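Biologist: Please take a close look at the inside of this protein. I would like to hear about its cavities and its nonpolar cores.

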Amino acid sequence: MPIKYIPYYPNTVEGDAILNNITRTQRILRYRENDKVYDRIKRGMPYYEVENVETVGKPSENLVIRGECVSACAYLKEQGIIVDLVYIDPPFASGMDYSKKIYIRRNPKLAQKIAAAEEQFDIEELRAFEEKMYGDIWKKEDYLNWMYENLLAIKSILSLNGSIYVHLDWHIGHYVKILMDEVFGEDNFRNEIIWCYTGPGSPGMKQYNRKHDNIYYYTLGDSWTFNADEIRVASEVHSGGFNGEMDNNSSSEYSAKGKIPEDWWEFAVSSRFKVDGNKRVDYATEKPYKLVERIIQASSSENKIVADFFGGSGITSKMAHDLGRKFIHVDIGINSIQTTRDRLIQAKADFNILEIKDGVSLFRNPQQTMDKLASLIPGLQKKVKGLSKFWFGAITKSNEGVIPVYMPNLLNTQEKVLDIPKINEIINQELQNIEVSAKKVIVYYIDIEDQSVLENFIKNNNATEIVLELKDLKNILSEIVFEDIISFNITNEEGFYNIEITKFISDRLIKKINEFNQKGNLQSINNGKTFSPISLSEEGLELVELISIDCKNDDGKWESSTEIKINKLGFVIENGIKKEELWDGFIKSANKPKRLKVRSIAGDETIIKI
């Protein structure tokens, strides 16, 4: 349960209708369940305990937070932290699944057999498989309710002179534009920026190729930052000699500075190659450096705070650091936090990594946790005939028959708290529509508003003979995070401690690789093509991505005294600096290690006390 709820807005005089802006949104959009949104807004943002899990570099105001947008904003507001610029690239409601490509590393035991460490390997030769990061699949009503709360939460911590850019596309952007008019005010709308890019279309298209995104730019107060001179570009003089920026009062000095860009931008989609010294990471939704750079340069100043509440690969925080700003990166996925952490370490940034302790022990991200839950409930069957999509599945018992199971959607923050509106929906709608003979249903919850009140409501309002059993989902979620098995040796030679990783066993990854091989073998039989399965050495060190040593703390907050990351080609990145050597299975420390952390190629981390 939250420690408390933080108001979205300052407390107002009784009768002051500060929340009445939602009325107009209801009238315009007419989407369902606005009353629930209104109730949650009146209740406030959930404020949970926040743990500082790691400090990187010197003490700093820079933050990398694992958690959801609304609860992260509750923490920032409670701490009195005000943000000057927000750029967010939230899910687009595109209906697509986004995956991360996971590369098998080279066996470090073979490193000495390779003649030259600087030998370049063809990246296409690397063996890899994909793992789903999140499913961008929403009902329109759910998405808009969710986004409305996010926007209100962001507004509550945005400076009175602040700016916000929301990056979307054709799927849902036009609806969100209306929400932003309500939250930030129609008069504070500055631009709809069109980011244009090129790319191939699909064969047989019967429409124009969709190759642009929409970025909605709003400010909050009467005075806002816009650094025109920071973003001027070379003026293009047209054939008639007319320059769109020139007029009779233009001076040669003004012309030399260039012109303010139009509200349509042409930037190439980031590739895996370096652009201006920056390199793309393997993250599905990463945006171009140049695009984010322009936004930060235009709408913030040095030492001001730039925040991204759907931080993804960490482009925003990286560019903010490079441009002398402070940064706040927020994301719910562990892969995002790790990718951003590693990227910021290479950029020599100082920051703290925080985790919002909302009681949900996520696997790697909400989508993967939802996928895994089905296997953790004994006897659960999915897609049971006679049950609507509302139900997660059903359990069949000889003495009780079919037992439908409700599971809150971990991707949707609105479903975290089990309250009377949700119970009312279950007993007065979903129980009535069950087409199987059921004596009981199980309703899982993450947080519960007041269990005794809910049970009394069920008793007085359930017109069916079906019994509702309420269960705490956290009891199942606690079983999701398993540790990998690590064997190592430590020797002390010439004043240095040498830690050798001798074996690494990840049952989850081994299972995933076996599934990949089985699927590949089946496809090869069907299509007649040769398939080369992924094989692992006895030591399993190909599954290791990062090793870190803490020489300061026995437990609690992690402080990396030294660390190495193994890139997908097998080369070592030591404390953020790439070396021209392959990993040999060792890590060296000048001080006596107290704890060892090993991260797998999929992002699971295991900590061992030494």
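Modeller: Here is a walk through the cavities, then the cores. Keep in mind that this model is predicted.

The largest cavity holds about 210 Å³ of space. Its lining has 16 residues, and the closest to its centre are Arg40, Pro46, Val70, Glu149 and Thr413. Helix 2 (34-43), strand 2 (45-47) and helix 3 (69-78) each give at least two residues to this lining.

Next comes the second largest cavity, with a volume of about 80 Å³. Among the residues that line it are Asp342, Ile345, Gln346, Glu563 and Lys565. Helix 10 (334-346), strand 27 (562-566) and strand 28 (571-574) each supply at least two lining residues here. This lining divides into 4 nonpolar, 3 polar and 4 charged residues.

Now the cores. In soluble globular proteins, nonpolar side chains tend to be buried together. The largest nonpolar core in this model has 51 residues. Leu151, Ile164, Val176 and Phe309 have the most contacts inside it. Helix 4 (residues 140-157) provides the largest share of this core, 10 residues. Look at Leu151. Setting aside neighbours within four places in sequence, Leu151 touches Ile164, Val166, Val176, Leu179, Met180, Val183 and Phe184.

A second core is separate and has 32 residues, including Ile193, Ile215, Phe327 and Ile345.

Technical notes: Residues are numbered from 1 along each chain as its sequence is written. This is a predicted model: local features need pLDDT of at least 70, side-chain atom pairs count only at pLDDT 80 or more; totals for chains, interfaces and linings use all residues. Side-chain values use heavy atoms; hydrogens and water are left out. On a 1 Å grid over the protein atoms alone, a cavity is a set of points where a 1.4 Å probe fits but cannot get out, and a pocket is an open set with protein on both sides within 12 Å along at least five of seven lines; lining residues have an atom within 4 Å of a point. Grid points are joined across faces, edges and corners, and a volume is the space filled by probe spheres set on the points. Helices (H or I, at least four residues) and strands (E, at least two) are DSSP runs, numbered from the N terminus. Ala, Val, Leu, Ile, Met, Phe, Trp, Tyr, Cys and Pro count as nonpolar, Asp, Glu, Lys and Arg as charged, and the others, Gly among them, as polar. A nonpolar core is a set of buried Ala, Val, Leu, Ile, Met, Phe, Trp, Tyr and Cys residues joined through side-chain atoms within 4.5 Å. Buried means under 20% relative accessible area, exposed over 50%, partly exposed in between (1.4 Å probe, protein chains only). Contact means heavy atoms within 4.5 Å.
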